[in-house]
Amino acid sequence: MVTRRRLFAAGAAGSAAMLGPAGWTASGRAAATVASLDACDIPKYVTPLRIPPAMPAVATDPERDTYEIAVRQFRQQILPPSWPRTTVWGYGSTAHPGSFGYPAPSIVARVGRPVRVTWINQLVDGRGDHLPHLLPVDPTLHWANPAGGVEGRDRHGHTDGSPQGYRGPVPQVVHLHGGHSRQESDGHSEAWYLPVTRDLPPDFAAAGSAYREFRSRFAEHTGLRWAPGSATFEYANDQRPCTLWYHDHTLGLTRENVYAGPAGFYLLGGGDDLPDGVLPGPAPARADAPNTAHHDIPLMIQDRSFTADGELRYPRRYSGGGDGPPTWVPGFSGSTMVVNGRTWPTLTVRRRRYRFRLLNACNSRFLLLSVAANATARPARPVLPVWQIGGDGGFLPEPVPHERVTLGPAQRVDAIVDFSDVPAGTELYLVNEGPDGMYGGGRPGVDFAPADPRTTGQVLRFVVTDEAGVDPSVPPERLRLPAYQPLGAAQRVRRLSLNEQRSAGSGSTAMLLGVLDDRGRGLPLRWSDPVTEQPTLGATEVWEVRNFTRHVHPVHLHQVQFELLGHGHSGRVRPGPGDRGRMDTVLAYPWEVTRIKARFDLPGRYAWHCHLLEHEDNEMMRPLTVLPRGGAATGDGGAPEDPSTASTDAG
């Protein structure tokens, strides 16, 4: 039980704590080209938390829910109300102009009920001319490269020396992260498309090299043909209830497109979900009445930096000054924390239980989150447990209490926080002790300096008020979560690698995925190299991912929700209780082997990649092709999985 004495003691202890160093600067140690806004000057906890509403549908019939969702540019109040508004991009329903926001409204779906979305690129101005990117774009990467034309798209581009880099129409394609999607609806990085504009140069490619193929496949499957400047995807929702999210996935441009704002939750309920009232609720729904009190709240946590005039700031170069063209940076840490599109908001909570869908939607930042009574005391002193009931792919086998929750980019934690015993009038804080730079594992304050407690070490304030009515939800320690069937024995072991490759000419370091050579060393491969991961349809495989780098990498596989079998130097250390559910993004620690098991039950072209967006955009992504039944699986591999080992590691 939380008491006034414990809360106040934790607060008093923190008042004398020294503030730690800020770590990385807001620009990831890159040179500034415009004046930056000092995050210490931004007032905290003056704005209420914004809870994303449900996305309006354009049609609902017995077969499916249908949406028409566009990405547009607009200005939004992200900084406190007396500060300038910020130009961002965001999704919304074309039939409901007021729905556009950053983050976007949540798509609320049900297990077994398909959702069809037409995604439209509307990054155009009022005259119908294209809008350039909000951020400087390095066109020399292996990226969408519309300016290369049909022959040069999805390849390395060229710079003209402009300080802003590429200024043409911006490609977009949406990926439902964690979704069990057919290949034509997965949001393949080479299936991007430009907006329909008046001023498209005649030598530009209007769509990516995979767009036509997937448009044809979708037409064969549904009878519908995609209109120019758009793509229609269908999500079968044939998976466990879970918290998914959707975001842009354009080849070589994901880091900057997502940073500009287009992302939203996809809340999948039903199926083996628990009966109404067992978990805290309700969550946002399409039929919500005005001022509905939500007790199931999605929290999209991101770091952002701003210019003095309130615009988004992203580093143009990694080092050095001058007005040269933009160059790719290997990592990014923003100077502020933004939750659901607002810097350091406040959430007023009743003395009851709340369900929080925690999402790390940062480009590169790892989060170590806890609930504390003092915002700046380090080490933080947790005063309430965060009860994890689920992960990326749905419910865990049983609830797990955490003092501190670790979230890598793209990972989700479905959590319950119980404020029932907290005195009314108490202020608590969601604090972050992850680093302000790249993360290599270990303990904050011991193995790395935690985030600046004045700025990026604070995330959200809770203000506790008196309870209103009866809380029917079950205390988390007494919850009985739905069981699920573990994956069966694997037919193949695949040995893969995460690599650092230093360039002799430039002295720069590239992060690459790959396989292992005959001596067990990493063999780095690029996106354009021949496909090595080609399981056959219906196969269950174990992937052993060896990390030969100094950093933790969140490894994401498209199409599948997998099981973590083990990790450590041998790959045989059992996963902790919070990692025993299904997941789609796993943390691979330095010099360790991370072993996962997945079943590939949809044929076609997919991808696997590091979800540090700066790494993903510069070659740390590889094709994944699921072959039809009867084909021979290819790529690095080994003997079939030992059934005794499989059953032991499944935990």
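Helices (H or I, at least four residues) and strands (E, at least two) are DSSP runs, numbered from the N terminus. By this scheme, the protein chain holds six helices and 36 strands. The model is predicted: local features need pLDDT of at least 70, side-chain atom pairs count only at pLDDT 80 or more, and totals for chains, interfaces and linings use all residues. Residues are numbered from 1 along each chain as its sequence is written, and side-chain values use heavy atoms, with hydrogens and water left out.

The overall dimensions were computed next. The radius of gyration is taken over C-alpha atoms, and the globule rule is 2.2 Å times the number of residues to the power 0.38. For 651 residues, a compact globule would have a radius near 26 Å; the protein chain has 24 Å, which agrees. Along the principal axes, the C-alpha atoms fill a box of roughly 70 × 60 × 55 Å.

Of the 651 residues, 62% count as buried. Buried means under 20% relative accessible area, exposed over 50%, and partly exposed in between (1.4 Å probe, protein chains only). The protein chain exposes about 23600 Å². Carbon and sulfur atoms supply 52% of this area. Accessible areas come from the Shrake-Rupley method with a 1.4 Å probe; for residues, only the protein chains shown count as cover.

Contacts (heavy atoms within 4.5 Å) were also counted. Among those between residues at least 6 apart in sequence, 78% join residues at least 24 apart.

The protein chain has 66 positive and 67 negative side chains. Lys and Arg count as positive, Asp and Glu as negative; His and the chain ends are not counted. Each charge is placed at NZ of Lys, CZ of Arg, CG of Asp or CD of Glu. The centres of the two sets lie 2 Å apart.

Backbone geometry follows. Most residues other than glycine have a negative phi, and most peptide bonds are trans. A cis peptide bond joins Gly281 and Pro282, with omega about 10°. Pro282 sits in the loop between β11 (263–269) and β12 (296–306). The bond from Arg378 to Pro379 is also cis, with omega near 5°. Pro379 lies in the loop between β18 (367–372) and β19 (382–384).

Asn145 has a positive phi, near 50°. This residue lies in the loop between β6 (142–143) and α2 (149–152). Asn145 is buried, at a relative accessible area of 7%. Trp591, not a glycine, has a positive phi of about 60°. The loop between β33 (585–588) and β34 (593–600) contains Trp591.
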